[in-house]
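Open the model in your viewer and keep the selection tool at hand. Each stop below says what to select and what is there.

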Amino acid sequence: MNKIKSKKEKRYQVILTTVMVLIMLITVYPVWYSLINSLNSAQDISKNGFAMLLPGEFSLDSWKSVLKNPEIFRAFGITLSRTVIVTILQTLFTSMFAYGFSRENLTGKKFYTAIGFLSMYLNGGVIAYFILFSALHIYNTYWVYIIPCLFGGFYNVIIFNTNYKAIPDSLFESAKIDGASEYTVFFRIVIPLSKPVISALGIFTAVGTWNDYSQTLYYTKSSEIQTLSYYMLSITKSSASAAQLGETMSAGASSVLTTMSNSAANYKTIELACMVLSALPLIIIYPFAQKFFEKGVMVGSVKG
C-alpha cells in the first residue's frame, strides 16, 4: 500500500513539476524573446527573422538609441514618480478609510456599505470624469495622475476590513484605556499588524499604476507629461508609419524616431528594448516583496 502511495505521489510530483515548468516557460519566454531580439542586430533580423533563443548577431545599437532619447527618460521619470506617490498615498488613505469603516460604532455604516458596493459596479464614465477633471483644473496636468487615484476603491476596503477584524478587540480596548487616540491606535497597532495585506495591495497598486495608460490617453494632450506605458503603446501601434517617417526626419529632431535606421527591423529592436526597459523595474522589485505578497493574499483564507 505504501509503495502504491509512494508511486502515486512520485507520479503526481512529476506531473506537477512538468506543468509548473511549462507555465514558467510560457510566462518568462515573452520577456526573454523581447530581450534577445532587442540585443540582436537589425541586419540579422532582416536576413534571418527574429531570434528564438539567442541573438543571431549581438548588437547594442537599439539600447544605445533608447538610452540617448530624452523623451523615454522623461516618460520613465513621470511613471516612476507617479507610481511611488500613488502607491504610498492610495494605500495610506484606503487603509485609513477601511479602519474607520471597520469600527462597529460607525454611524451610517449601512448607507456607506450600499454606496461602496454600488461604486464597484457603476461609475460616471470617461465623459463625466473629463468634465470633472476640467472643472478641477487638473486636466492635462501632472495632478490628473495623482488626485483621482488617492482612493483604491471599495474592493480594497473589503480586503483591509477583513484584516482589521482579525485583530483582537482587546488590543483596541487596552489602547483606549491608556488614552490612545484613534490615530495612535491606527499607526501604532493596526499598521504594524497589517504589513502583509498592505504590502500585497501595495504591489497590486504599483503594478496597475505603472502599466496604466488610460489616464494619459483620455485626460492629457501634452507629450511633456505622457507616461511610459502610453509611450510604448504609441510606438507599438505606429510601428509601420513611424519607420517610414524615420527615413525622412532630420538628425536634429527630438523624437525617438530620429534614432531609427532605414529599416523596419531596426525600429522593431528599439521597440523591444523599450518594452524591456518598461518591465525591468517591476521584475527587479517583485522578488523583494514576494514574502509579504504571499502572506497578504492569504489573509482571511485560513482561520487560526
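**Stop 1**

Select phenylalanine 97. Phenylalanine 97 is partly exposed, because its relative accessible area is 39% and the partly exposed class lies between under 20% for buried and over 50% for exposed. Keep in mind that you are looking at a predicted model.

Buried or exposed: which is phenylalanine 101? At 7% relative accessibility, phenylalanine 101 counts as buried. Both residues lie in helix 4. They are 4 residues apart, about one turn of the helix.

**Stop 2**

Move to helix 1, residues 2-38, and select tyrosine 29 and tyrosine 33. These two also sit 4 residues apart, about one turn of the helix. Tyrosine 29 is partly exposed, with 32% relative accessibility. Tyrosine 33 is partly exposed too, at 22%.

Go back to the phenylalanines for the ring geometry. Phenylalanine 97 and phenylalanine 101 form a stacked aromatic pair. Their centres are 6.3 Å apart, with 10 degrees between the planes. That pair counts as stacked because planes under 30 degrees apart fall in that class.

How many aromatic pairs does the structure hold? There are 17. The pair of tyrosine 29 and tyrosine 33 is tilted, with 6.1 Å centre to centre and 45 degrees between the planes.

**Stop 3: a cluster of rings**

Select Tyr99, Phe160, Tyr164, Phe172, Phe186 and Phe187 together. Ring pairs link these residues into a cluster. Show the side chains and trace the links from ring to ring.

**Stop 4: salt bridges**

Next, look for charged partners. Side chains of opposite charge can pair when their charged atoms come close. How many salt bridges does the structure hold? The count is 3.

Begin with glutamate 224 and arginine 74. Their closest N and O atoms are 3.6 Å apart in a salt bridge. This pair links distant parts of the chain, 150 residues apart. Glutamate 224 is in the loop between helix 11 (214-219) and helix 12 (228-237). Arginine 74 is in helix 4, residues 70-102. Glutamate 224 is partly exposed, with a relative accessible area of 45%. Arginine 74 is partly exposed as well, at 30%.

Now select aspartate 212 and arginine 82. Their side chains meet in a salt bridge, 2.9 Å from N to O.

Lysine 176 is partly exposed, with a relative accessible area of 39%. Glutamate 182 is partly exposed, at 35%.

**Stop 5: helix 9 against helix 10**

Select residues 182-193 for helix 9 and residues 195-211 for helix 10. Their axes come within 5 Å and cross at roughly 70 degrees. Helix 9 is therefore roughly perpendicular to helix 10, a class that runs from 65 to 115 degrees.

Which residues meet here? Ile191, Pro192 and Leu193 in helix 9 meet Lys195, Pro196 and Ile198 in helix 10. The contact of helix 9 with helix 10 has 5 nonpolar, no polar and 1 charged residues.

**Stop 6: helix 5 against helix 7**

Select residues 109-121 for helix 5 and residues 154-165 for helix 7. They pack at an angle of about 130 degrees, with their axes 8 Å apart. Helix 5 is therefore oblique to helix 7.

On the helix 5 side, highlight Tyr112, Thr113, Gly116, Phe117, Ser119 and Met120. On the helix 7 side, highlight Phe154, Tyr155 and Ile158. By class, the residues of this contact divide into 6 nonpolar, 3 polar and no charged.

**Stop 7: two positive phi angles**

End in the loop between helix 6 (125-135) and helix 7, where you will find histidine 137. Phi of histidine 137 is near 60 degrees, a positive value in a residue other than glycine. Histidine 137 counts as exposed, at 68% relative accessibility.

Then select asparagine 140, also placed in the loop between helix 6 and helix 7. Asparagine 140 has a positive phi of about 60 degrees, although it is not a glycine. Asparagine 140 is partly exposed, with a relative accessible area of 22%.

Conventions:
Residues are numbered from 1 along each chain as its sequence is written. This is a predicted model: local features need pLDDT of at least 70, side-chain atom pairs count only at pLDDT 80 or more; totals for chains, interfaces and linings use all residues. Side-chain values use heavy atoms; hydrogens and water are left out. Axes are lines fitted to C-alpha atoms, for helices over the stretch in contact, and angles run from 0 to 180 degrees between N-to-C directions. Angles under 35 degrees count as roughly parallel, over 145 as roughly antiparallel, 65 to 115 as roughly perpendicular and the rest as oblique. Contact means heavy atoms within 4.5 Å. Ala, Val, Leu, Ile, Met, Phe, Trp, Tyr, Cys and Pro count as nonpolar, Asp, Glu, Lys and Arg as charged, and the others, Gly among them, as polar. A salt bridge is a side-chain nitrogen of Lys or Arg within 4 Å of a carboxyl oxygen of Asp or Glu. Buried means under 20% relative accessible area, exposed over 50%, partly exposed in between (1.4 Å probe, protein chains only). Rings of Phe, Tyr and Trp (its six-membered ring) pair if their centres lie within 6.5 Å; planes under 30 degrees apart count as stacked, over 60 as edge-to-face and the rest as tilted.
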